[in-house]
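Please look at the sequence and structure first.

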Amino acid sequence: FPVTIRAETSNRIIPFGFNKIARIAASVLLLLGVIFALSPMGYDIFDLKNETFQAFSNGKTKKVILEDGTIIWLKGNSSLAYPEHFVSATREVNLIGEALFEVAKDASHPFIVHSNGMNTRVLGTSFNIRPVGNHIEVVVFTGKVAVSLANGSKHTLVLPSEKAICMPQEKEIKAATAENTASYLLNTEYNMSFEDARMSDVIEKIS
């Protein structure tokens with residue numbers, strides 16, 4: 001007798017939109033992975049390279065822009081060492097010589113400048129560091145700056161139009177009024193004087 005065999009096909013139903021949801025989930029996981037890899041813990045775990053760059057002014061004023069948007073004007077024969085990426089709780093650079101800083105504001109990551117036995121700590125402001133003999137002067141234009149000896153034994157707060165005179169050998173820091181601040185701005189694009197300025201120029205400079 002002829003035998004008829006009926007093959008039953010089992011159809012699996014895939015919920016509508018499943019593929020789209022899967023793609024979105026994969027994208028989110030990839031993004032989270034990238035964020036984690038670029039975090040301080042990620043740099044340690046994956047041993048990612050974070051190069052240290054060195055900038056030199058070589059007798060001329062040199063403009064350096066860091067990854068966080070901070071602008072630094074190196075003056076004279078000065079040098080600046082800074083990381084390719086800021087991956088720790090603080091943003092730290094090393095300065096030899098003179099420089100004017102326009103620090104990008106980031107309240108959760110203080111900016112610290114190490115220079116010849118002195119530390120300058122800020123959140124977001126503009127100031128100039130200049131060596132004068134065995135001393136170091138810090139002149140503040142905007143915001144406020146905390147200046148301390150490298151060993152932390154002395155510290156002072158400097159406000160706009162003021163300056164701190166740091167004396168590492170004497171282990172002292174003196175505060176004084178900053179005079180002729182315009183001289184510190186020479187050969188830079190930094191200028192916060194708005195006398196007789198157009199409103200559009202003021203807005204552009206503040207931004």
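Ser 126 is buried, at 3% relative accessible area (buried means under 20%, exposed over 50% and partly exposed in between, with a 1.4 Å probe and protein chains only). This is a predicted model: local features need pLDDT of at least 70, side-chain atom pairs count only at pLDDT 80 or more, and totals for chains, interfaces and linings use all residues. Residues are numbered from 1 along each chain as its sequence is written, and side-chain values use heavy atoms, leaving out hydrogens and water.

- Ser 126 belongs to strand S7 (residues 126-132); strands are DSSP runs (E, at least two residues), numbered from the N terminus.
- Beyond its neighbours within four places in sequence, Ser 126 is in contact (heavy atoms within 4.5 Å) with residues including Phe 101, Val 140 and Tyr 190.

**Aromatic pairs**
- There are four aromatic pairs in the structure; rings of Phe, Tyr and Trp (its six-membered ring) pair if their centres lie within 6.5 Å, with planes under 30 degrees apart counted as stacked, over 60 as edge-to-face and the rest as tilted.
- Phe 53 and Tyr 82 form a tilted pair, 5.8 Å centre to centre with 55° between the planes.
- That pair links distant parts of the chain, with Phe 53 in strand S1 (residues 52-56) and Tyr 82 in strand S3 (residues 71-83), 29 residues apart.
- Phe 53 is partly exposed at 31% relative accessibility, whereas Tyr 82 is buried at 15%.
- The rings of Phe 101 and Phe 127 are stacked because their centres are 5.0 Å apart and their planes at 10°.
- Both Phe 101 and Phe 127 are buried.
- Phe 86, Phe 101, Phe 111 and Phe 127 are linked into a cluster by ring pairs.

Terms used: Helices (H or I, at least four residues) and strands (E, at least two) are DSSP runs, numbered from the N terminus.
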